[in-house]
Amino acid sequence: MTAPNAKKQRVINCVSQLPYRIQLNESKDTWRLLPQAGNSALFSSLDYLQESDEYEQLVVGWTGEITRETDLAEQFGADVTMTNNDDDSETPVVPDSNADEALYLTPEQMDKLTEVMNAQNKKNFNPVWLLRKNQSRWRQYAEKTIWPTFHYILNPLLIEADNNSGSSAPAPSAKKGSNPAAPGGVPAPKESVPTGDEEKNSWWYDYVKFNEAYAMKIGEIYQPGDVIWIHDYYLLLLPQLLRMKFANDNVKIGYFHHAPWPSYEYFRCLPRRKQILDGLVGANLITFQNEQFSRHFVSSCKRLLDCTSKKKKSDKGADQYQISAYGGDLIVDSLPIGVNKNQLIKDAFTSDIDSKVQAIKQAYQNKKIIIGRDRLDSVRGVVQKLRAFETFLTMFPEWREQVVLIQVSSPTANRDSPQTIRLEQQVNDLVNSINSQFGNLNFAPVQHYYMRIPKDVYLSLLRVADLCLITTVRDGTNTTALEYVTIKSHKSDYQCYGNPLILSEFSGSSTLLKDAIIVNPWDSVAVAKSINMALNLTKSAASELQAKLSPEVPTVQSWTDKYLKTLSSQNTDQSSGGKITPALNRPVLLDTYNQAKRRLFLFDYDGTLTPIVQDPAAAIPTAKLYTILEKLAADPRNQIWIISGRDQQFLGKWIGSKNKRLGLSAEHGCFIKDIDCPEWVNLTEKVDMSWQERVGKAMEEITNKTQGSFIERKKVALTWHYRRAVPELGEFHAAELKKMLKSVCDEYDLEIMDGKANIEVRPRFVNKGEIVKRLVWHEHGTEQDLLKPVNEKVDINKMPDFILCLGDDFTDEDMFRELNTIEDKWEEKYPENKNSHKNFGIYPVTVGSASKQTIAKAHLTDPGQVLDTLGLLIGNVSLFQSAGTVELDSRGHVKNSESSLKSQLAGEKYILKKSASSTSIKKVNK
Ligand SMILES: O=P(O)(O)OC[C@H]1O[C@H](O[C@H]2O[C@H](CO)[C@@H](O)[C@H](O)[C@H]2O)[C@H](O)[C@@H](O)[C@@H]1O
Ligand SMILES: [Mg+2]
């Protein structure tokens, strides 16, 4: 309990949809709210938080498809009286049939809805408006690509892969007046509703926009100190978008994944797999329903993001991982969701439900009742259940006419899809077959109800059941299982205490409900035997099981508290290494680049422009890199420098000879060659090089002891490589070499550099930072006098107004440090000279895994993303390909895009037309 006047911790809780279905009348002044089916556990967590003394909650969520006026009872049938009792949280919601109506709302109308909602529900709802004609478009990628893959259904990927050329797919325009061209100079399609094959491609763009719309809404309400909690797979990109948005705040971002997370072998099939992981690792805490899912996630991160992980035990004794990805550490944890036990018991044990229980008992007198309640989709295992029940009646004839299976199957989102139609057919055939084999004119052993049922009927079934049978082939959690156990834990006059639960081992809840009867739904004989065993359990054995099972169900209250406690305890303090370096904000970079007149590029080579490979000689530039450098260098406003640890020979051969417009610096600043100049200058000319012999000897000694290692002898620097040695031995001998070199390095003032599977030695006074200093404090575009000392008296208007510095390694930190110093100096000397983003356009950016501490201000994941980012600047790549931030209008169009303006005009026209027609109606009525 917090003290009465203590300030509450603000929590921005982001759900994929507000818990209502929204309808407005023809004149758009009256709103009707209906409860949303599904997500019952999550929605009761929202209710709980709203009442909290400790937290102040702000809920951010999409409005869902807003429907137009029809008779609600007619449209939704029994649903009008239904509450949130439908199936599992992670399941796509059934979109409404007339949701495609065009909606043109004024800001006042939107405010009115927010007001109505908040007054009605006493919650702080912040709706995300995405009012496009086809409102279900926002669901497509999440529901047709992510959801199936996460449930091990790969077919939809075939559709996407066919229509998706991966990272080089053309994309909608992101900027006013510009329409970035796709590779090969083909202009990208305009931001419009696509048709045919394009439609599949557009799913991803809509998914990016959906996430962007949340980021924008959160931007409107965020206050420093807020914690942000994001829920589920519609919002996988949001953590990183927020990390970029609030780059300077140590904001705590948590993500809870309600669905199952697939094994790497499945996850890797997603064409956008890297963007998805990049999006997620912007969070400080990523939590799954169980340890298995978190293990799968960590495995994908390690393989696809090249990050490292450390396993530890949480204070609950569960496996927890600390993964170091792109600039910071984040925690991967598991915490199964719970249910609101007290409320459930209260709702289920009423006199009304007592009489319903009695009526069902009456209808199936002297029979055991097995119940099942699932959505009818391929992962819920209804077919497996029916097959097992058929086997049970075949194997145990003594149970025939003694048992009834009441199976309630609710329709799923894609009811018209061929897969669902096939499934319905299969289920019908099985039901008919069982009933004709084992039933008679008076009794059918399977009672199948293909419908949604009201909550009171659902609770009556849970109460009356002698056995609950759950044979799902994959789910994140199974709330029916949790609710059943909770209800069976309550002692009442109707003898429903302790009746058993058969639960599939493929349900996310099976690791939680360890004392349920766990089965493999694919083995119908084993399930049949389990049914027999469960129905034969004595009352005392069932009670014993129940006593163990019941405490295994968490309450939604403890789930909420524990999650927020873990999130709040995350260390985001930069000084103690807890800060996550944000991803580079590419739209801002692009805008600064476009505004700038004097642009300076400072590129490291290995690990930045080319990926790290086993053999240094094999790390040569790709044709794509050449094209990018060529295009960048062709712009007279651009000055490009490659500042590398490589020697002159390598840089000259692979870079200098191909493009004279590039400046080069070799061996970590020992040598430098100006743009358009054939001569190299040796900055270490006057240095005593006798140390090389002693350092070389020590390296040889270590090489002899380390099979696979070798020495790279450059003009000045010496590098001992151990990438091809056994890793542990290489690391051990690297440490030994450093010790051996200590005295000679002190004597000659040399620096020992711990590189990527290498140890390098060179004079301390030269480094990449010194080169950067010289290049920035210089009249842009003029020739360098490389032997002259740096002069800091250059006019700011002659120095660069855009500096992009990219590097992956420890030695590149010298460049970042120098740029940070320059920025501080400019801040002091020229506070007025900032650009429209209120900065000097300086971007020190680290590349790749930064489990290392970095002083860079942002990160890019790998050389692939570096090339995409540079491609963005020269118009070869669009923002959508890297899920970069794009601004949207309230209808989900890219702001200021052609389609946004068109839609605005259409809206205005529509309003005019409407008001004209209502005026004429009034006249007629007069
Ligand atoms: O400053 P850089 O341009 O990043 O150069 C640093 C060193 O890179 C090279 O070694 C590294 O890359 C190799 C190729 O991918 C890899 O095999 C090796 O393990 C890495 O350490 C280069 O060989 C060195 O001379 C550079 O100093
Ligand atoms: Mg490098």
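Colleague: Let's begin with strand S16 (residues 403-410): how many of its residues are buried?

Modeller: Eight of its eight residues are buried, which leaves strand S16 mostly covered. Here buried means under 20% relative accessible area, exposed over 50% and partly exposed in between, with a 1.4 Å probe and protein chains only. Strands (E, at least two residues) and helices (H or I, at least four) are DSSP runs, numbered from the N terminus. This is a predicted model, in which local features need pLDDT of at least 70 and side-chain atom pairs count only at pLDDT 80 or more, while totals for chains, interfaces and linings use all residues. Residues are numbered from 1 along each chain as its sequence is written, chains are lettered from A and ligands numbered from 1 in the order in which they are written, and side-chain values use heavy atoms, leaving out hydrogens and water.

Colleague: Which residues of S16 point one way, and which the other?

Modeller: Val403, Leu405, Gln407 and Ser409 point one way, Val404, Ile406, Val408 and Ser410 the other way, and all are buried.

Colleague: How do I read its pairing with strand S15?

Modeller: Strands of a sheet pair through backbone hydrogen bonds, either parallel or antiparallel. Strand S15 (residues 368-375) pairs with S16 in the parallel sense, over eight bridges; the cut-off for pairing is at least two DSSP bridges. One bridge joins arginine 375 to serine 410 in S16.

Colleague: What is the strand order in the open sheet of eight strands?

Modeller: The order is S25-S24-S23-S22-S21-S30-S31-S32, with mixed pairing. Strand S25 (681-682) and strand S32 (858-860) are at the edges with a single partner strand each, so one side of each has no neighbour in the sheet. S21 and S30 are parallel partners over five bridges, and leucine 602 stands opposite cysteine 805 in S30. Helix H26 packs on this sheet, touching S21, S22, S30 and S31, and its direction makes about 160° with that of S31. Contact means heavy atoms within 4.5 Å; axes are lines fitted to C-alpha atoms, for helices over the stretch in contact, and angles run from 0 to 180 degrees between N-to-C directions.

Colleague: Which residues coordinate the magnesium ion (ligand 2)?

Modeller: Asp604 (OD), Asp606 (O) and Asp808 (OD) do, at 2.1 to 2.2 Å. Donors are N, O and S atoms within 2.8 Å of the metal (3.2 Å for Na, K and Ca), and sites may look incomplete because water is not among the atoms. The donor spacing in sequence is D-x1-D-x201-D. Aspartate 606 sits in the loop between strand S21 (599-603) and helix H21 (623-634), and aspartate 808 in the loop between strand S30 (802-807) and helix H26 (813-829), so the pair ties together parts that are 202 residues apart in sequence.

Colleague: Is helix H9 (residues 273-280) enclosed or open?

Modeller: Six of the eight residues of H9 are buried, so it is largely enclosed by the rest of the structure. Those buried are Gln275, Ile276, Leu277, Asp278, Gly279 and Leu280.
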